[in-house]
Amino acid sequence: MENKKIPTHVGIIMDGNGRWATARGKKRSYGHKVGSDNVDRIVSHAFSSGIKSLTLYAFSSENWARPKEEVDELMKLLKTYFKKFIKKVIKNDVRLFVVGGREQLSSDLVKVIEDGERQSENNTAHHLNIAINYGGRQEIVSAVNKLIEKGEEITVDGISKNLYTAPSGEPDLIIRTGGEYRLSNFLLFQGAYSELYFTDVLWPDFDEKELDKALDSFAGRKRRFGKI
Ligand code: IPE
Ligand code: IPE
Ligand code: MG
């Protein structure tokens with residue numbers, strides 16, 4: 001479809017890795033590995049489709065409650081993923097932001113993240129926000145605390161400007177793979193008027209065609225923002 005309405009900012013809840021692996025008689029961590037390989041193809045396809053900013057939910061503030069073995073595997077995977085990904089990001093004029101609390105992350109993961117953010121800080125074509133140890137409620141509290149520290153009034157606009165994803169604006173579309181119909185603490189404040197798209201397809205199987213389906217669905221939506 002030519003001249004299709006393309007969302008500027010898309011959030012993706014990349015869910016279903018564990019079930020994908022279990023269905024194949026493999027360990028959940030294998031699903032996370034295959035899921036992390038899928039990030040690359042979806043990021044490339046999203047940016048070449050004209051999406052300006054992407055926010056990917058990689059690890060929630062609640063995911064620490066999983067068995068230690070799985071959490072350790074995920075943290076290891078994030079580190080290797082970033083190392084591999086940073087070079088590509090720089091080359092493609094993508095600016096990387098990692099959104100979420102950093103205090104609970106290991107110092108070597110934080111270093112890899114900070115290097116990636118610094119090396120990409122002059123890139124302008126796209127924003128790639130990776131949500132790690134992210135919680136939408138915590139993000140709102142942190143934005144309010146920033147306003148208090150600055151002695152500013154607590155307003156909707158003030159909170160918006162102090163959210164982690166402020167440079168990307170509000171998400172026009174939030175996609176959730178994996179068949180669950182919930183937000184699981186993702187982009188709660190900035191998602192107030194986002195279009196939602198849910199699919200049963202598990203994240204490792206969510207390919208370019210599946211993203212196109214989500215974009216087609218978005219293109220057909222009538223956004224009213226409370227008006228008529
Ligand atoms: C999403 O897949 C990845 C993370 C939450 C880290 P899951 O691990 O939640 O996979 P399912 O939902 O159990 O299949
Ligand atoms: C949401 O998935 C978090 C990520 C995809 C990173 P979960 O699998 O953690 O969500 P719930 O537990 O099903 O709500
Ligand atoms: Mg899940």
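Which residue, with a positive phi, follows helix 3? That residue is Asp93, with phi near 60°. The model is predicted.

**Helix 3**
- The 24 residues of helix 3 should span 34 Å at 1.5 Å a residue, and the end C-alpha atoms lie 35 Å apart, which agrees.
- The helix carries a kink of about 35°, centred on Phe85.
- Phe85 is also one of the buried residues of helix 3.
- In an α-helix, 3.6 residues make a turn, so residues three or four places apart point the same way.
- Cover for the buried residues of helix 3 includes helix 2, strand 2, strand 3 (94-99), helix 4 (107-119) and strand 4 (126-134).

**Largest pocket**
- The largest pocket holds about 600 Å³ of space.
- Its lining has 29 residues.
- Met14, Asn17, Tyr57, Ala58 and Asn63 lie nearest the pocket centre.
- Helix 1 (17-22), helix 2 (28-48), strand 2 (53-60) and helix 3 (68-91) each give at least two residues to this lining.
- By class, the lining splits into 13 nonpolar, 10 polar and 6 charged residues.

**Ser48**
- Ser48 sits in helix 2.
- Its relative accessible area is 61%, so Ser48 counts as exposed, the cut-off being over 50%.
- Ser48 and Lys146 are 98 residues apart along the chain, and their C-alpha atoms are separated by 35 Å.

Key: Residues numbered from 1 in each chain as written. Chains lettered and ligands numbered in written order. Predicted model: local features only at pLDDT ≥ 70, side-chain atom pairs only at ≥ 80, totals over all residues. Heavy atoms only, no water. 1 Å grid on protein atoms, 1.4 Å probe; cavity = no way out; pocket = protein on both sides within 12 Å on 5 of 7 lines; lining within 4 Å. Points joined across faces, edges and corners; volume = space filled by probe spheres on them. Helix = DSSP H or I, 4+ residues; strand = E, 2+ residues; numbered from the N terminus. Nonpolar A, V, L, I, M, F, W, Y, C, P; charged D, E, K, R; others polar. Expected span 1.5 Å × (residues − 1). Bend = angle between axes of the 7 residues up to and from the residue. Buried < 20%, exposed > 50% of the residue type's maximum accessible area, 1.4 Å probe, protein only. Contact = heavy atoms within 4.5 Å.
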